[in-house]
Amino acid sequence: MEEAARLDAVRRYDILDTPPDGAFDRVAAMAARLFKVPVASVTIVDEDRI
């Protein structure tokens, strides 16, 4: 059930196959600072692709 809800959210946000978004850059930068690592990334995964 959790996987179905996650996939529904990915579809609802309609962000796959869109140009890079500055909001995700900021989230990745925040994650890197939080975990004290040089690089972090945000990856959106649906059933068949990343």
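Reader: Where is aspartate 46 found?
Author: This is a predicted model. In the model, aspartate 46 is found in the segment after α2.

Reader: Why is aspartate 46 called buried?
Author: Its relative accessible area is 16%. Buried means under 20%. Aspartate 46 therefore counts as buried.

Reader: Which residues is aspartate 46 in contact with, leaving aside its neighbours within four places in sequence?
Author: Arg6, Leu7, Val10 and Leu16. Contact means heavy atoms within 4.5 Å.

Reader: What makes the link between arginine 49 and aspartate 46 a salt bridge?
Author: The two side chains meet at 2.9 Å, N to O. The cut-off is 4 Å, from a side-chain nitrogen of Lys or Arg to a carboxyl oxygen of Asp or Glu. The pair is within that limit, so the name salt bridge applies.

Reader: Which backbone nitrogen does the side chain of aspartate 46 reach at 2.9 Å?
Author: That of aspartate 48. A polar contact needs N or O atoms within 3.5 Å. The backbone nitrogen of arginine 49 also lies 2.8 Å from a polar atom of the aspartate 46 side chain.

Reader: Why does arginine 49 count as partly exposed?
Author: Its relative accessibility is 37%. Buried is under 20%, exposed is over 50%, and partly exposed is in between. So arginine 49 is partly exposed.

Reader: How many salt bridges does a search of the whole structure find?
Author: The search finds 5. One of them joins aspartate 8 and arginine 11, at 3.4 Å, N to O.

Reader: How do you know that aspartate 8 and arginine 11 are about one helical turn apart?
Author: Both are in helix α1, residues 2-13. They are 3 residues apart there, so about one helical turn separates them.

Reader: What makes aspartate 8 and arginine 11 partly exposed?
Author: Aspartate 8 is at 42% relative accessibility. Arginine 11 has a relative accessible area of 48%.

Reader: Which other residue meets arginine 11 in a salt bridge at 3.3 Å?
Author: Glutamate 47, with the distance taken N to O. This pair links distant parts of the chain. Arginine 11 is in helix α1, and glutamate 47 is in the segment after α2 (22-35). They are 36 residues apart.

Reader: Why is glutamate 47 called exposed?
Author: Its relative accessibility is 56%. Exposed means over 50%. Glutamate 47 therefore counts as exposed.

Reader: Which residues are linked in a network of salt bridges?
Author: Asp8, Arg11 and Glu47. Arginine 11 meets aspartate 8, and arginine 11 also meets glutamate 47.

Reader: What makes arginine 12 sit over the ring of tyrosine 13?
Author: The charged end of arginine 12 is 5.7 Å from the ring centre. The distance limit is 6 Å, and the charge must also be within 35 degrees of the ring normal. Arginine 12 counts as sitting over the ring.

Reader: How many aromatic pairs are there?
Author: The count comes to 0. A pair needs ring centres within 6.5 Å.

Reader: What is the phi of aspartate 14 and of aspartate 17?
Author: Phi is near 50° for aspartate 14. Phi is near 60° for aspartate 17. Most residues other than glycine have a negative phi.

Reader: Where are aspartate 14 and aspartate 17, and why are they called exposed?
Author: Aspartate 14 is in the loop between α1 and α2. Aspartate 17 has its place in that loop too. Their relative accessibilities are 60% for aspartate 14 and 68% for aspartate 17. Exposed means over 50%, so both count as exposed.

Reader: How many helices and strands does the protein chain have?
Author: It comes to 2 helices and 0 strands.

Reader: How do you know that the chain is more spread out than a compact globule?
Author: Its radius of gyration is 13 Å. The globule rule gives 10 Å for 50 residues. The chain is well over that value, so it is more spread out than a compact globule. Of its 50 residues, 14% count as buried.

Conventions:
Residues are numbered from 1 along each chain as its sequence is written. This is a predicted model: local features need pLDDT of at least 70, side-chain atom pairs count only at pLDDT 80 or more; totals for chains, interfaces and linings use all residues. Side-chain values use heavy atoms; hydrogens and water are left out. Rings of Phe, Tyr and Trp (its six-membered ring) pair if their centres lie within 6.5 Å; planes under 30 degrees apart count as stacked, over 60 as edge-to-face and the rest as tilted. Helices (H or I, at least four residues) and strands (E, at least two) are DSSP runs, numbered from the N terminus. Buried means under 20% relative accessible area, exposed over 50%, partly exposed in between (1.4 Å probe, protein chains only). A polar contact is a pair of N or O atoms within 3.5 Å; within protein, one must be able to donate a hydrogen and the other to accept it, and residues adjacent in sequence count only if both atoms are side-chain atoms. The radius of gyration is taken over C-alpha atoms; the globule rule is 2.2 Å times the number of residues to the power 0.38.
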